[in-house]
Structures are given as structure tokens and as C-alpha cells.
Amino acid sequence: MLEILKAPVFTFQEFIVLAGRTIRGVFRKPYYWDDLFVQMDLIGIGSLPVVLLTGFFSGAVMALQMSRALQTYGATSQVGQIVAITLVREMGPVLTALMVAGRNASGMASELGSMKVTEQIDAMRALGTDPVMKLVKPRVIATGVVLPLLTILADFVGIVGGWLVACVLLSLTTSAQYWSNSWRALEYNDIAQGLLKPFVFALVLSLVGCYYGMRTTGGTQGVGRSTTQAVVVASVWVVVLTFIIGRIFVSM
Amino acid sequence: MNDASAPVVLAFENVSVRFGDDEVLRNVSFALQRGESMVVLGAAGSGKTVLLKCALGLLPITSGRILLFGEDVSRLDEQDWYERRSHVGVLFQEGGLFDSLTIEENVAYPLRNQPRLACPEDELMRRVEESLNFVELGHTLDKFPSELSGGMRRRVGIARAIVTQPDLLLYDSPTAGLDPITANTIIALVIKGRDVRHATTFMVTHRYQDGQMLSGYRHDPASGLLVPVNGARHTARTHYLVLRDGAAVFDGSQEELEASADPYVRRFVRREESA
């Protein structure tokens with residue numbers, strides 16, 4: 001029994017050590033600004049199309065699916081409220097994080113993994129650079145800054161997608177009512193939850209991507225394995241964490 | 001064979017390294033004095049690269065002691081290692097060049113990132129060009145590593161290792177995977193680095209010929225070519241360490257190596273001779 005637990009506990013311990021070193025490094029020099037801006041561009045601008053597309057269609061689908069149920073109760077005017085709350089609290093952060101996990105956590109794992117197996121990370125250490133400061137820190141900061149911004153955009157285009165379906169396609173309600181309901185439905189608690197989640201997801205998925213990249217062994221096959229593990233673990237953590245954070249906010 | 005007065009640059013004292021249940025280095029001991037060259041021979045998986053990485057603090061040791069420039073570095077913190085590493089040049093097996101940086105940026109990397117080696121930009125460029133000219137690749141400044149051949153990447157790796165003018169140079173299988181002509185060019189550069197800069201040289205290799213060249217030739221500054229060494233004095237500067245399954249089974253000169261009765265060492269040397 002203990003033997004089975006040994007590997008995951010060891011992995012978690014290593015992950016916590018990397019997370020600790022990275023978070024401590026955030027408040028310490030050196031800062032590699034060029035690397036930070038490159039990563040922000042790669043994660044932010046690079047993920048924009050897929051995040052907007054996902055956000056738009058998730059809002060549209062939600063309005064579509066809700067239309068029949070709301071018609072049953074004669075509550076079609078509430079469609080804006082439902083779309084806004086669901087998107088801002090849950091769907092926007094989770095779907096955006098899953099997209100970024102699939103696109104960037106995998107990218108981080110494969111890039112750092114390739115560097116590991118070609119001894120570039122050893123070379124970096126040998127030539128006077130701490131790989132955590134040079135490689136991990138910029139990726140974690142960049143994701144932490146960019147993912148909440150991407151989530152805000154995804155939430156907005158999602159609500160626009162819901163408006164298109166509800167008001168233009170199905171004429172469930174008027175535009176004024178849709179936007180007014182969407183706006184009034186949101187409380188500070190929702191906004192806080194909707195921004196805290198992507199920030200926590202960003203830390204976890206970027207650290208997971210970097211962790212699996214940095215511990216890659218076994219040549220190109222190992223890089224593939226690390227990439228897959230990074231996406232799977234990051235995605236699972238996103239859905240687990242959304243439950244935990246949601247639970248905390250619900251009980252508040 | 002050693003000059004007792006020369007300071008020890010690198011010494012291993014009963015060093016063992018364990019990865020999980022595997023002991024990849026077992027009680028390895030040797031001492032390398034200033035100006036000497038050491039050739040570490042061994043089959044694949046015998047622990048040669050681990051030995052080299054331990055000397056740089058890139059892998060932690062399980063037991064024993066490592067002395068670098070006379071200082072015990074066995075339990076140094078990673079942050080404290082950075083300054084020590086600035087005195088050591090290293091060529092990794094595949095060159096270890098950064099894919100995303102140009103050749104110029106790769107060679108300039110240690111000068112830009114090690115505080116002890118910080119210098120003005122024009123001085124830095126002069127040193128980068130000088131190092132690349134040393135390996136005859138002065139025309140590749142703006143290229144990326146992917147645009148170069150395997151042999152050229154190793155030469156850039158050598159340029160990056162010597163740009164800091166280190167006291168100790170470590171080479172990890174510099175000829176692995178190269179054709180014989182390119183391999184000889186690389187060893188010629190290793191010899192040139194040793195003789196021109198008088199750096200202590202530690203070379204890990206699976207080819208006995210690399211060691212033979214290192215001990216049997218010297219760089220002639222007048223002609224710029226390698227010339228055979230005649231006389232025992234120069235040959236004695238190179239000594240060999242043979243690893244087998246993580247343990248040192250031989251430590252001595254080339255003559256002692258060739259005269260060794262150890263079946264593994266005999267087979268190793270004979271096979272290389274017949275190759």
C-alpha cells in the first residue's frame with residue numbers, strides 16, 4: 001500500500017518544492033522581462049482566437065438549451081441572467097482555463113521537456129542561470145496576468161453569444177431586457193469568484209506544465225509523455241479546484 | 001607521474017551516486033592537478049556523464065566528497081554553485097546550445113549571465129568573436145544552432161566553454177555520433193584549448209583514440225597544426241580513469257592502461273585498437 005502511494009506523494013512533494021521556489025522567486029531578482037513579455041504574447045494573444053470562439057459558443061449554446069426550459073415556465077426574460085451568472089461564475093473561467101491548459105500547459109511541458117533532454121537546462125545551470133527564475137517564473141507570472149484577462153473577454157463574448165441566440169435568433173426577450181438582466185444579475189461575489197478562479201487556475205496549470213517539462217527524462221518519447229501528463233493533470237486540477245473554490249464561495 | 005607541488009583542481013573522494021535503487025557511481029576517487037588532462041573511458045551507461053555532472057554540481061552525490069579548486073563542494077547550495085561554475089567551462093554531449101538563441105547569443109550567454117564575468121558590451125563582443133574564431137566559426141554569429149551541422153554545434157559548444165577563459169574545462173563525449181574526420185577536428189580543438197590556454201582538461205569519452213590523440217599530440221602555435229609529442233614528459237600530463245558499472249576500475253597513465261591486466265580494461269583498449 002505504502003509503495004503504491006510513494007510515487008504520487010513524491011511527485012506532489014517535488015511539485016510543491018517547485019511551486020515554493022517559483023513563488024519565492026516572484027519577489028526576487030533577477031527579472032527576465034523579455035521572456036515575460038514573450039510568454040504574455042504567446043499565452044495571451046496566441047490563445048485569444050480559441051478562447052473567444054469557445055466563450056462565444058458556450059454562451060450561445062447555453063441560451064439555446066435554456067430557451068425551452070424557460071419557455072415552459074414563461075420565464076424567457078431571465079435568459080440574460082442565467083447566461084451571465086453561469087458564464088462569469090463557472091463556464092468562463094473553466095473553459096478558458098481548459099483551453100489554455102490544452103494549448104499552453106502542453107506547450108510549456110514540451111518546450112521545457114525538449115530543453116531538458118537536450119541538456120539545455122543543465123547548460124543553463126552550468127552557465128550561471130537558475131532555470132526556475134529564467135524559465136518557470138516568467139511563464140507563471142505571464143499566465144497569472146493573462147488568464148484572468150482572457151476569462152473576462154470570454155465571459156463578455158459568451159454573453160454576446162447568448163444575446164445573439166436569445167434576442168436575434170429565437171426572440172426570447174428584448175435586447176434591453178437581456179443586457180439589463182445580465183448586468184443586474186452579477187454581484188461582487190460573482191465577479192470575485194470569476195476572477196479568483198482564473199488566477200488560481202493560471203498558477204496551477206503553468207506550474208504543472210513547467211513541472212512536467214522540467215522532470216522529463218527518456219528522450220523524445222519522454223517529451224511526448226510529459227506533454228500528455230501535463231495536459232491531463234492540469235485539466236483535472238482545473239475541474240477539482242473550481243469545485244473547491246465554488247464550495248468556499250457558496251458557503252460565504 | 002604527478003607533480004606533487006601542483007594544486008589539485010578537481011578531486012573525487014569515495015563518491016557514490018544513487019538514483020532510487022540504482023547505484024550509478026560507486027566509491028569513485030581520483031585527483032586532477034592543475035595543467036593535467038584526464039580522460040574518462042567507459043562503455044555506455046558506465047556513469048561517465050554522471051561523473052562529469054557531479055563535478056559541476058548538476059547532480060547531487062549520495063556520499064563521499066568532491067573538491068573543486070581545493071574547496072569542498074559536496075553539499076553546496078544551488079545558489080552558491082553559480083559562482084563556482086563560472087570558473088569551469090563545459091561542453092555537453094550534444095553541445096547543449098540554446099535553440100532559441102543565435103550563435104552569438106549562445107556564446108555570449110555565460111558572459112551576460114554570470115555576475116563575476118560581467119564586461120562592457122564591446123569587450124563582450126570582442127571575446128565572443130575571438131572564441132568563435134578559435135573554433136573557426138567566426139562567420140556564424142547570426143545563425144541559429146539548427147542551421148549548423150552536428151560537428152559545428154560541438155565547435156560552438158567549445159567556443160562557449162572557453163569564452164570565459166576557465167581554469168577547468170569539462171568535455172562530455174565531444175566526439176559521440178560524429179564521423180571520424182569531424183571527431184578528429186573536435187579533439188584537435190580540445191588539444192588547442194589545452195595547449196593555448198593551459199586549462200586543466202577533463203574529458204569523458206567512449207573512444208580510446210580521443211585519449212590517444214590528447215596524450216600523443218600537441219598544438220604547434222607556429223603552424224597552427226597538431227604535431228606528435230615525442231618525449232614522456234608531455235605524455236605524462238594525461239592520465240586515464242576507466243569506469244565500469246559506476247566503479248573506477250583503472251586510474252593511471254596511458255602506458256599503465258595499455259599494460260593493464262584487467263580483462264575489462266584490456267578488452268576496452270584492444271577493441272579500440274582494432275577499430
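In chain A, 88% of the contacts with a separation of 6 or more join residues 24 or more positions apart; two residues are in contact if their C-beta atoms, placed from the backbone, lie within 7 Å. This is a predicted model, in which local features need pLDDT of at least 70 and side-chain atom pairs count only at pLDDT 80 or more, while totals for chains, interfaces and linings use all residues. Residues are numbered from 1 along each chain as its sequence is written, and chains are lettered from A and ligands numbered from 1 in the order in which they are written.

Let me turn to the overall make-up. Chain A has eight helices and zero strands, where helices (H or I, at least four residues) and strands (E, at least two) are DSSP runs, numbered from the N terminus. The C-alpha trace of chain A spans about 70 × 45 × 35 Å along its principal axes. Of the 252 residues in chain A, 46% are buried, that is, 20 or more other C-beta atoms lie within 10 Å of their own C-beta atom.

I now come to the helix pairs. Helix 2 (residues 33-73) of chain A packs against helix 5 of chain A at an angle of about 25°, with the axes 6 Å apart. Axes here are lines fitted to C-alpha atoms, for helices over the stretch in contact, and angles run from 0 to 180 degrees between N-to-C directions. Helix 2 of chain A is therefore roughly parallel to helix 5 of chain A, a term for angles under 35 degrees. The residues of this contact comprise 26 nonpolar, eleven polar and four charged; Ala, Val, Leu, Ile, Met, Phe, Trp, Tyr, Cys and Pro count as nonpolar, Asp, Glu, Lys and Arg as charged, and the others, Gly among them, as polar.

What does helix 5 of chain A meet in helix 6 of chain A? A:I159, A:W163, A:A166 and A:C167 of helix 5 meet A:S175, A:Y178 and A:S182 of helix 6. This contact has five nonpolar, two polar and no charged residues. The axes of helix 5 (residues 131-169) and helix 6 (residues 175-185) of chain A come within 10 Å and cross at roughly 145°.

Next, helix 8. The buried residues of helix 8 of chain A, including A:V223, A:A230 and A:T242, pack against helix 3 (79-117) and helix 7 (188-214) of chain A.

Finally, the interface. Ten residues of chain A are in contact with 16 residues of chain B. The chain A side has three nonpolar, four polar and three charged residues.

Note on methods: A residue is buried if 20 or more other C-beta atoms lie within 10 Å of its own, exposed if 12 or fewer, and partly exposed in between; C-beta atoms are placed from the backbone. Angles under 35 degrees count as roughly parallel, over 145 as roughly antiparallel, 65 to 115 as roughly perpendicular and the rest as oblique.
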